[in-house]
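Welcome, and take a moment to look over the sequence and the fold before reading on.

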Amino acid sequence: MANDIGSSAFTSRIRDEDRRTRKPLDWWDRVKLVVLWVILYALVFWSTIATNPIIPAGDALYNTTFTAPGVFLSLLIVFELVRQMHFAIAERASGYYFFWRRIFEQTDSRVMRIRPWTRFRIARFVRWAVILYVAAAITGGFIGTSPIEAVVTAPQLILQGMPYLLQIVFYMFVAIIQFVAIFWFLSRGGIDVYMPDDVRTRFTDVWGQDRVLERIKENILFLENPEAIEDHGGYVPGGILLWGPPGTGKTLMAEAVAGETGRPYVFVDPGAFVNMFFGIGVLKVKGLFRKLRKLSLRYGGVIVFFDEADTLGSRGGQVSQMRREALAGQAISSQLGCNGAFFVSETARAALAEEQRQVVVPGMGGGRSFDGTLQALLTELSGLTKPRGFMNRVVRRVLGIRPKHPPKYRILVMMATNMPDSLDPALLRPGRIDRSYRVGYPTKDGRLETYRNYLGRIQHSLTDDEVERLAMVSPYATGASIKDTVNEALVIAIRDGRDTVTYGDVIKAKSLKQHGLPDGGAYVDRERHSVALHEACHAVAMYRLQHTSIIDVATIERRGDVGGFVSPIPVEDRFVQWRSEVEIDIMTFLASLVGERMFYEGDHTQGVGGDMAQATALLTRSLLSHAMGSNLRTFNAGMLGNSGLMPNGIPLVQGLSWEGAIAEEVEQRLADLYQRTHELLAQHRDDVLAVTHALEVHSTISGDDVAAVIEGRKGPLVDGRAYADADFRRRLEDYHAAAVEAHRVRHERPPRLPELPQAQHAEVAGE
Amino acid sequence: MLAATLLLSGCSAPAHQYIAANGDGMYFALPASWTQVPMKQLVKAQQGWTDDAGNVFRQTVRWQGVWSAHTIDADRAFAARPASAPVVFAYVRDLVGVEQQGIGKDVKAALRDVLIPASSLPSGSVLTQTWTRSGFTGIHQTGTYVSGGAMQTTEVVSTLPPARNRLYVFAMRCSESCYSAYGRDINAVFESLTFKEPRG
């Protein structure tokens, strides 16, 4: 055989166009159709015999042949025999084969000259004609008439059968309508429409976010007067995203938009798209936008607001590769400083990106949209202009009329979220959400305005300076937190039997909100003094050294596991830190150990452990990552592991041991800074004892009061003038010495805390 | 195939046409040349049967047909005066409750006047014999009497199935002279008459 395996001469199979005769058929292929028609014929014959017991076989055969099925089958059999004869000749006679092949090829080429659409319509006509004829023949057979008569009487037959048909349709309708009704019911809710004047909030009620408000006003103006931009060839931005930390006023801004705009405002509940069943979210989105289109046509525009947009606009943990790379890029920038990696080659940047990829955690949590809700929202937002409505799309098309294009729907989409990274990038592309505004923490001026406005609603005795001071010492306060603080201050005043809020009330409220309620437990006197001294050392170091931050509050009141603390407030927004500033921070941490050892004759408490760990970590990172040591080698976070530090603060560096050069330098630098801190505290020993006393008396004092005590002047809540008195300072030294003695020999009766001079004491008692 | 079929069938069309009321189990063979009166004509003609018997018939008939050796219309087929060619009238109808109860044991008496008014004709005009075939019991009547001014011969087989819930009637009628002329055909027709108890 030509294709024998092992044969050296492989023969390719002949192509159809190269054949000289028709390809021979298998014997079964020749006879199968004839066999089929004969079997059907036999069945018809058998049916004739079976249905009439008196008909002889010969007459039955004659009748079978000359009834419609018999004639049809006979023709089929004849046709098939002729066809097989034709094939048989074509398989043997080359001339015959080529003759017919030419005829068929010419026929094919003539048919192919007809346009495909025309061929399709002809085929469709023939198909439907056959279907109609067969249906008519069957119907005619059932009712005993000719097929044509059956077609004519078909409407009458349908009408007669209508009661039964309608019953069936009704049952189907009932079965379907149950699901429709359930889904319709579940797809409702979560969407509120507010008409103009329903909302009383105005832009003037939003404080501290003027920059963002201006942009939003601009968007509103474009919505209400689109020609202003469209006449110049532009388009009205369709979407705004407000993102930022919680409480910064995003929802309030949206509420103000509702109050200011002359258009309907649709508020979408964040939970509206959390559904029990698959597909309900899709229905809700479609229903929402259907409503929006109607409102926009009726009122000339509409605004829709999605609060907590991450519940809807996120694909959950499935952050795209694109987004991961974007996040990684940001991580690189943050690691390497303000220029990021833009000054290195593409290869180096890719290598760095790969290294950072494991560090960057994709946006976890947020919403999830596995049921097509997000996709439906993206589709609705994409602005695809398509004809709508059954009459417009279907009826006009059937009549050969082009459907009308829909009008321009003026829909402004506003979204708010505090997790912008979890939003799908497709949602944030231009054309959907055109503008993205960060609603961050208010600036000092914004906080000042917010304080003024909220304080303006209550009775208070704060001066302008005090209000300004409040704004300055609240760097991360949001509108919501300021409102809460003022309200808490009012509660404190009412609790004290007053209806006028003082500066002290606000400070207390602020401390309460920021740091929580103290446990209320009292120290034993010895411990109270040591804790106060510990915190006083931090406070004095901070006061004397820090330039970029001030003291917010110093306290010795216990809050859970925290015995006391001194919390700083940055005076300005900074993004980079100098080496000298890092050293100051380290010295501030070291101050507790230095102070305890200095004042307790070399002894110190366990409480310095946390401070020392922080100091060590800060120093180590600055040496390893920011070239602030004697080495130029620098390590990034990837090389330091996920956090860069082990839980006990000791950095884990691949290939380097703790006992190595880095460890030596850390120890040396710490010792150097320790010495400097020691010199500082020794120089300002009196300040430490003064602040210690103030903490023991008041438990919690503000940064202003710390400064007043150190400077020996009257503070907002604490009169520090007594601490300027040399005699009082001597008493403080004696008190401290007694405390040390009590600590050393474990006296049962610790020393009494010195009382302030009479005038200051009266003021303290009266506060 | 056609040639083979024609060969098998003796190269000629069948001499008979085979009538079957398949749902009711009545079968007979008629000469192929005899023609059937169109059903519409038949039904329309029966609309004129306004007496009680006619009303009952129209309400209970299940299957019926009228054939004749010559082409005639329904009115002529049911006219009092006999036609000059044999007319066959065959039908199957349901028996209403009263009728079923009235049959009793004497089937002959019950079916005596189904088509031929035997009771009212002179004695000897009608010959009635019991007819039994395939479980069906009934009578075979042959009556010669004047109708519409002419002498006619009517031969009828009226029979009941075992369940006695239906009435099967096969009647042949024509003038006395034509009955003789078509005697062989008429005998063959009656020979072919077959009943099978229907299912259900």
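What follows is a short tour, grouped by topic.

This is a predicted model, in which local features need pLDDT of at least 70, side-chain atom pairs count only at pLDDT 80 or more, and totals for chains, interfaces and linings use all residues. Residues are numbered from 1 along each chain as its sequence is written, while chains are lettered from A and ligands numbered from 1 in the order in which they are written. The model scores ipTM 0.82 and pTM 0.55.

**The two chains**

- Chain A has 28 helices and nine strands; here helices (H or I, at least four residues) and strands (E, at least two) are DSSP runs, numbered from the N terminus.
- Of the 767 residues in chain A, 32% are buried. A residue counts as buried if 20 or more other C-beta atoms lie within 10 Å of its own, as exposed if 12 or fewer do, and as partly exposed in between, with C-beta atoms placed from the backbone.
- In chain A, 70% of the contacts with a separation of 6 or more are between residues 24 or more positions apart. Two residues are in contact if their C-beta atoms, placed from the backbone, lie within 7 Å.
- Chain B has eight helices and ten strands, and 33% of its 200 residues count as buried.
- For chain B, residues 24 or more positions apart account for 60% of the contacts with a separation of 6 or more.
- The average pLDDT of chain B is 86, and 93% of the residues score at least 70; pLDDT is the predictor's confidence in each residue, from 0 to 100.

**Where the chains touch**

- The contact takes 14 residues from chain A and 17 residues from chain B.
- On the side of chain B that touches chain A, α1 (2-8), β1 (16-21) and β2 (26-31) each supply at least two residues.
- That side of chain B divides into nine nonpolar, seven polar and one charged residue. Ala, Val, Leu, Ile, Met, Phe, Trp, Tyr, Cys and Pro count as nonpolar, Asp, Glu, Lys and Arg as charged, and the others, Gly among them, as polar.

**Helices of chain A**

- Two packed helices are described by the angle between their axes and the distance between the axes. Axes are lines fitted to C-alpha atoms, for helices over the stretch in contact, and angles run from 0 to 180 degrees between N-to-C directions.
- Helix α25 (residues 685-698) and helix α26 (residues 703-711) of chain A pack at about 130°, and their axes are 9 Å apart.
- α25(A) and α26(A) are therefore oblique to each other; angles under 35 degrees count as roughly parallel, over 145 as roughly antiparallel, 65 to 115 as roughly perpendicular and the rest as oblique.
- Asp687(A), Ala690(A), Val691(A) and Ala694(A) of α25(A) meet Asp705(A), Val706(A), Val709(A) and Ile710(A) of α26(A). The residues of this contact are six nonpolar, no polar and two charged.
- Helix α16 (residues 444-455) and helix α18 (residues 479-495) of chain A pack at an angle of about 40°, with axes 10 Å apart.
- Among the residues making that contact are Tyr451(A) and Tyr454(A) of α16(A) and Ile482(A) and Val486(A) of α18(A). The residues of the contact of α16(A) with α18(A) are five nonpolar, two polar and two charged.
- In helix α15 (residues 390-398) of chain A, zero of the nine residues are buried, so α15(A) lies largely in the open. Just after α15(A), Gly400(A) takes a positive phi of about 80°.

**Single residues to look up**

- Ser699(A) sits in the loop between α25 and β9 (700-702) of chain A. Its phi is near 70°, a positive value in a residue other than glycine.
- Ser699(A) counts as partly exposed because it has 18 C-beta neighbours inside 10 Å.
- Ser134(B), in the loop between β6 (126-133) and β7 (136-147) of chain B, has a positive phi of about 50° although it is not a glycine.
- Leu160(B) belongs to strand β8 (residues 150-160) of chain B, and it counts as buried, with 22 C-beta neighbours inside 10 Å.
- Leu160(B) and Thr137(B) are 23 residues apart in sequence and 5.4 Å apart in space, C-alpha to C-alpha.
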